[in-house]
Amino acid sequence: MPLHQDVLWYKDAIVYQVHVRTFQDSNGDGIGDFPGLEEKLDYLLELGINAIWLMPFFPSPLRDDGYDIADYSTVHSSYGTLEDFRKLLGSAHDRGIRVIIEMVLNHTSDQHPWFQESRSSKDNPRRDWYVWSDTNTRYQGTRIIFLDAETSNWAWDPISTSYYWHRFFSHQPDLNYDNPAVREQMWNVMKFWLEMGVDAFRLDAVPYLVEREGTNCENLLETHEILKELRRQLDEHFPGRMLLAEANQWPADLRPYFGDGDEFHMAFHFPLMPRMFMGLKLEDRKPITEILQQTPEIPPSCQWSLFLRNHDELTLEMVTDEERDYMYDMYAQDKTMRLNLGIRRRLAPLLNNDRRRIELMNGMLMSLPGTPIIYYGDEIGMGDNINLGDRNGVRTPMQWSGEWNGGFSAADPEHLYAPLIQDPVYGYPAVNVLRQKASEHSLLNWMRSIITVRRSTAVFGRGSIEFLYPANHRILAYVRRLGNEAVLVVNNLSGTAQAVELDLRRYKGNILIEMSGQNMFPRVGDQPYLLTMGPYQFYWFRLRRV
């Protein structure tokens with residue numbers, strides 16, 4: 001059964017993104033599965049996670065890691081059975097962990113029976129479930145997203161001797177949302193999983209649902225109408241469930257996806273993430289404060305979702321050409337690290353495995369406005385394998401121990417879906433859960449403690465933000481407020497020690513209590529408040545009148 005819930009539960013969530021295939025193999029076939037993930041729920045509970053986001057687990061030819069769905073109503077046999085999924089859902093709910101699953105609305109696999117019917121004949125009842133054309137010249141103003149793999153958004157189908165539309169890979173034909181039967185069918189799919197008890201959907205690639213001549217076929221009014229209708233049905237039949245938008249757009253273009261609180265509950269803040277890396281490398285707060293100043297107010301029931309890394313490349317779509325060149329030069333000198341308009345690396349390698357920088361970035365993730373998402377393995381500082389194709393280098397097996405296959409699987413190593421990382425720095429003998437559990441000062445134990453502090457107050461998930469602008473531009477400082485509670489966050493973006501004077505006059509008389517150790521700092525007076533900070537250090541202070 002779904003959890004008893006505050007309908008705004010997602011505002012206080014700490015989300016953990018996991019690919020079922022990568023996490024834990026329970027039956028020794030080299031592929032992670034639902035029973036394996038269920039075994040590890042207590043690990044996630046100890047970490048402080050209260051929601052998991054599962055990447056696609058549906059039947060699929062796996063040409064795009066499961067985002068090419070061939071059947072929406074069951075699970076891929078490698079990951080187990082529908083009953084295994086139900087059991088996982090129940091076990092998660094028993095622990096107070098909510099489950100977010102993928103809903104790939106925009107397209108299917110070309111292996112989906114719907115597409116097979118659609119292409120079989122121009123008279124087939126499902127013909128207009130997809131977008132067909134006799135020419136490849138329609139919708140000319142539309143960008144190509146997978147620039148490295150595709151030269152057109154149209155693909156020729158020799159079976160039905162016509163072209164079909166696809167915004168991603170050519171083996172992923174787009175569904176035709178102008179067809180009411182498609183819209184009804186997709187709601188039925190969502191209803192199937194909601195009735196089973198799923199708590200939320202991450203809706204993939206939502207800006208592209210509708211095509212119109214003379215537009216760029218993104219963010220169209222008709223797309224928003226479809227999404228509002230899905231939300232209306234959700235609220236009517238399944239109150240307390242949540243929709244998370246994957247819309248890689250500028251903040252102003254993203255704002256309409258929240259509607260008046262009647263479209264998405266949450267949306268990823270894509271433009272912020274690269275600017276956090278940029279601010280760190282430039283040792284300057286400006287990229288971060290600037291993008292957050294450009295971020296419009298959103299309805300009170302809505303929330304941004306923040307992340308440092310995920311299963312895709314570090315996207316550089318929402319930066320200027322100059323900023324993109326800078327990011328490539330700083331974070332991906334080796335051209336094999338680049339893909340489409342992004343960088344295919346994990347967090348620890350991006351930050352040269354510098355523990356202080358990893359902590360600072362996670363500190364910002366946990367304290368900026370929004371709900372944080374942690375990518376599996378980043379809590380122990382896992383590395384990547386850029387020799388694996390596409391985005392698979394950041395999707396290698398979870399490293400549980402220094403034993404056989406890193407504790408991921410009992411299979412022969414050559415049967416694993418992907419090789420484990422074995423290099424001396426990031427390999428599973430050096431970086432694993434078991435080893436870090438045993439070490440008081442490990443990244444894993446540090447992550448646990450910061451999540452505990454984050455969860456000790458609603459101010460981070462629900463509060464307002466006010467930036468302070470000290471003269472020292474290497475310091476990013478802000479106050480988070482909710483009701484009578486105020487928390488001061490001060491981040492040193494520099495690799496050298498810094499002094500900063502903060503104007504805290506409006507908090508005169510308050511003392512500062514450092515939140516991880518509960519130590520008191522001096523009372524705020526009339527003079528600027530002086531702090532000295534070590535390289536990449538950050539503080540969270542409760543402001544308290546005593």
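# Briefing: sheets, helices and loops

An open sheet is built from 3 strands in the order β11-β13-β12, and its pairing is antiparallel. The edges are held by β11 and β12 (338-339), each with a single partner strand, so one side of each has no neighbour in the sheet. This model is predicted. The chain is divided into domain 1 (113-165) and domain 2 (463-544). The C-alpha centres of domain 1 and domain 2 are 55 Å apart.

**Strands and sheets**

- Strands of a sheet pair through backbone hydrogen bonds, in either a parallel or an antiparallel way.
- In the sheet described above, β12 pairs with strand β13 (residues 342-343) in the antiparallel sense, over 2 bridges.
- Which residue is the bridge partner of R338 in β13? The partner is I343.
- Another open sheet has 3 strands in the order β4-β6-β5, also with antiparallel pairing.
- Its edge strands are β4 (132-133) and β5, and each of them pairs on one side only.
- Strand β5 (residues 154-157) and strand β6 (residues 162-165) are antiparallel and share 4 bridges.
- Opposite D157 stands S162 of β6.
- The hairpin of β5 and β6 has 4 residues between its strands. In this hairpin, T161 takes a positive phi near 45°.

- Side chains alternate along strand β18 (residues 498-502).
- Q498, V500 and L502 point to one face and are buried.
- Strand β21 (residues 529-533) runs antiparallel to β18, and 5 bridges join the two.
- L502 has Y529 as its bridge partner in β21.

**Helix α9**

- Is helix α9 enclosed or open to the outside? In α9 (residues 272-282), 9 of the 11 residues are buried, so the helix is largely enclosed by the rest of the structure.
- A residue counts as buried when its relative accessible area is under 20%.
- The buried residues of α9 are L272, M273, P274, R275, M276, F277, M278, G279 and L280.
- These buried residues pack against several elements. The helices among them are α10, α11 (321-331), α12 (347-350) and α13 (355-367). The strands among them are β10 and β11 (314-315).
- Just after α9 comes E283, with a positive phi of about 55°.

**Helices α6 and α7**

- Helix α6 (residues 180-196) and helix α7 (residues 221-237) cross at roughly 35°, and their axes come within 11 Å.
- The crossing of α6 and α7 is right-handed.
- From α6, the contact uses R183, W187, M190 and L194. From α7, it uses I226, L230, Q233, L234 and H237.
- What kinds of residues make up this contact? There are 6 nonpolar, 2 polar and 1 charged.

**Loops with a positive phi**

- Most residues other than glycine have a negative phi. The residues below have a positive one.
- N219 has a phi near 60°, and it is not a glycine. N219 sits in the loop between β7 (200-204) and α7.
- Q518 has a phi near 65°, and it too is not a glycine. Where does Q518 lie? Q518 lies in the loop between β19 (510-514) and β20 (520-523).
- The relative accessible area of Q518 is 49%, so Q518 is partly exposed. The cut-off for exposed is over 50%.

**Residue S301**

- S301 belongs to the loop between α10 (286-293) and β10 (303-307).
- Why does S301 count as partly exposed? Its relative accessibility is 26%, and partly exposed covers the range between the buried limit of 20% and the exposed limit of 50%.
- Leaving out residues up to four places away in sequence, S301 touches L8, Y10, K11, G261 and H265.
- S301 and P413 are 112 residues apart along the chain. The C-alpha atoms of S301 and P413 are separated by 47 Å.

Definitions and conventions: Residues numbered from 1 in each chain as written. Predicted model: local features only at pLDDT ≥ 70, side-chain atom pairs only at ≥ 80, totals over all residues. Heavy atoms only, no water. Pairing = 2+ DSSP bridges. Buried < 20%, exposed > 50% of the residue type's maximum accessible area, 1.4 Å probe, protein only. Contact = heavy atoms within 4.5 Å. Axes fitted to C-alpha atoms, helices over the stretch in contact; angles between N-to-C directions. Left-handed = near helix turned anticlockwise from the far one by under 90°. Nonpolar A, V, L, I, M, F, W, Y, C, P; charged D, E, K, R; others polar. Domains from an automatic or database assignment.
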